[in-house]
Amino acid sequence: MKAVMIILDQAHYDDITNQLSKLNIRGFTSWKPVYGRGSKTGYPHYGTHAWPSLNNAILTVVEDHHLKPLLRFLKELDDQYQNLGLRAFAWNIEDMI
């Protein structure tokens, strides 16, 4: 099992949650809004007059076979809308109840 943390521009939220359903990834937790600034490119997401965009965050735990299709979708979405900002991180899950 893998935990996947997705930090996304709020504009991506529906596309990503719809894709989770298409991949049969049912469970997730999301946080709205999330503030931050990317480490490489893109614009800050502070929810201010100067930087009005906001981020969201999604955490999901997936079976190993779901990881590559999910990351592939996220990479394609990020490539298509590079200025919006999207990052995903995966960790091993040792145990779950």
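This is a predicted model: local features need pLDDT of at least 70, side-chain atom pairs count only at pLDDT 80 or more; totals for chains, interfaces and linings use all residues.
H45 is buried, with a relative accessible area of 5%. H45 is found in the loop between β2 and β3. Its side chain has several polar partners. One is the side chain of D9, joined to that of H45 by a polar contact of 2.9 Å. Another is the backbone oxygen of Y43, which lies 2.8 Å from a polar atom of the H45 side chain. The H45 side chain also reaches the backbone oxygen of L84, at 3.1 Å. Setting aside residues up to four places away in sequence, H45 touches D9, V34, Y35, G36, S53, L54, N55 and L84.

D9 is buried, yet it has no salt bridge. Where is the nearest side chain of opposite charge? It belongs to K32, and it is 11 Å away. The polar contact recorded for the D9 side chain is the one with H45, at 2.9 Å. Leaving aside neighbours within four places in sequence, D9 is in contact with H45, S53, L54, N55, L84 and G85.

Step back to the whole chain. The protein has two helices and four strands. From the N terminus on, the elements run β-α-β-β-α-β. Of the 97 residues, 34% count as buried. Along its principal axes, the C-alpha trace spans about 45 × 25 × 25 Å. How does the radius of gyration fit a compact globule? A compact globule of 97 residues would have a value near 13 Å; the protein has 14 Å, which agrees.

E63 and K2 are 61 residues apart along the chain, but their C-alpha atoms are separated by 6.4 Å. E63 is partly exposed, because its relative accessible area is 41%.

The largest nonpolar core has 16 residues. Those with the most contacts inside it are I6, I16, I58, L70 and L74. Which elements give two or more residues to this core? They are β1 (2-9), α1 (13-22), β3 (55-62) and α2 (64-80). Helix α2 gives the most, with five residues. Apart from its neighbours within four places in sequence, L74 is in contact with I6, I16, L86 and A88.

Charged pairs come next. The count comes to two salt bridges. In one, D79 pairs with K75, the closest N and O atoms being 2.9 Å apart. D79 and K75 are four residues apart in helix α2, so about one helical turn separates them. D79 counts as partly exposed because its relative accessibility is 36%.

The other salt bridge joins the side chains of R87 and D78, at 3.6 Å from N to O. D78 is buried, with a relative accessible area of 16%.

Two backbone details remain. Most residues other than glycine have a negative phi, and most peptide bonds are trans. Against that background, two places deserve a look. N24 is not a glycine, but its phi is positive, near 60 degrees. Its place is in the loop between α1 and β2. N24 counts as exposed, because its relative accessibility is 64%. P33 lies in strand β2, which covers residues 29-34.

Note on methods: Residues are numbered from 1 along each chain as its sequence is written. Side-chain values use heavy atoms; hydrogens and water are left out. A nonpolar core is a set of buried Ala, Val, Leu, Ile, Met, Phe, Trp, Tyr and Cys residues joined through side-chain atoms within 4.5 Å. Buried means under 20% relative accessible area, exposed over 50%, partly exposed in between (1.4 Å probe, protein chains only). Contact means heavy atoms within 4.5 Å. Lys and Arg count as positive and Asp and Glu as negative; His and the chain ends are not counted. A salt bridge is a side-chain nitrogen of Lys or Arg within 4 Å of a carboxyl oxygen of Asp or Glu. A polar contact is a pair of N or O atoms within 3.5 Å; within protein, one must be able to donate a hydrogen and the other to accept it, and residues adjacent in sequence count only if both atoms are side-chain atoms. The radius of gyration is taken over C-alpha atoms; the globule rule is 2.2 Å times the number of residues to the power 0.38.
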